[in-house]
Amino acid sequence: MALPGEVESRLYRALRAASGAAAHAAALGFPAAVALPARPGSSLFSWHPLLMALAFSFLLTEALLVFSPESSPLRSFSRKVKVRVHWALQLLALLCALLGLGIISYNKHLNGKAHFVTWHGLTGLLTVLYTCMQCLGGVVLLYPKLVKNWTLAKLKLYHATSGLVGYLLGCTSLMLGMCSLWFTTSVTGVSWYLLMLCPILTSLVIMNQVSNAYLYRKRSQH
Ligand code: HEM
């Protein structure tokens, strides 16, 4: 039996609002949960998982959810305000990521361990480099006159698409970090699976948001 159009669209909106709320909870819950086994301050290493979880789960997800039509905490604010909050959160995420990378590299150097030898280490390095490039791309979008040959609409589309790739790369690094020996011995059983679900859930919500806002719309305009 087909649902009437209005009921269907209301149901769809309610589902999107619920998944947005779950994404906020997962984005904040993940760093809080990582802080428990890491015990920040107990060692130099302890700051790495916390800073990275803050950067790539909390700050990055919130920087993108700011633009969500259903679940943005700034829904009633102007686009200009949302853009400002977006780049401020993005900048904070970059600072946390650079600090987290510096700390883990220095800690490895102190312990005489080889650098970038695991899948997590390699993907993590790529993620931080990609985040730097994405932020530079964001500066171009703030000052579009810097590039003369591309229209603002094209720049926005490229920024959103490559931002989505960067976000998924960040989630992959988080998940590979959760496969590390340190994490799998600190967090076991159902808790480990629940934490794995956090970046999966936020990725699905963000992918849906960006595709709806840019990719489908832009394609149907041509
Ligand atoms: C997107 C977020 C993350 C990024 C970009 C990242 C990046 C990195 C990088 C580049 C290294 C290797 C450093 C070197 O070899 O000098 C590393 C190591 C490590 N990270 Fe992360 N990390 C992230 C999140 C996490 C999380 C959430 C955890 C724990 C749950 C974690 C646990 C570890 C551990 C145990 C190591 C040492 C072992 C190894 O090199 O694989 N990381 N991380």
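This is a predicted model: local features need pLDDT of at least 70, side-chain atom pairs count only at pLDDT 80 or more; totals for chains, interfaces and linings use all residues.

**A close look at H2 and H5**

Guide: As for handedness, H2 passes H5 in a left-handed crossing. On the H2 side, the contact is made by Pro49, Met52, Ala53, Phe56, Ser57, Leu60 and Leu64. H5 answers with Tyr167, Gly170, Ser173, Leu174 and Gly177. Sort the residues of this contact by type and you get eight nonpolar, four polar and no charged.

Now keep an eye on the ligand. H2 (47-65) and H5 (152-178) each supply at least two residues of the shell around the ligand, as do H3 (79-110), H4 (119-142) and H6 (181-186). In total, 27 residues surround the ligand, and Met52, Gly121, Gly124, Ser173 and Gly177 are the closest. You've met some of those names already: Met52 of H2, plus Ser173 and Gly177 of H5, are also part of the helix contact. H4 gives the largest share of the shell, six residues. By type, the shell divides into 14 nonpolar, 12 polar and one charged.

Stepping back for context, the protein has seven helices and zero strands. Its C-alpha atoms fill a box of roughly 60 × 50 × 30 Å along the principal axes.

How values were computed. Residues are numbered from 1 along each chain as its sequence is written. A residue is near a molecule or strand if its C-beta atom, placed from the backbone, lies within 6 Å of it. Helices (H or I, at least four residues) and strands (E, at least two) are DSSP runs, numbered from the N terminus. Ala, Val, Leu, Ile, Met, Phe, Trp, Tyr, Cys and Pro count as nonpolar, Asp, Glu, Lys and Arg as charged, and the others, Gly among them, as polar. A crossing is left-handed if the near helix is turned anticlockwise from the far one by less than a right angle, and right-handed if clockwise. Two residues are in contact if their C-beta atoms, placed from the backbone, lie within 7 Å.
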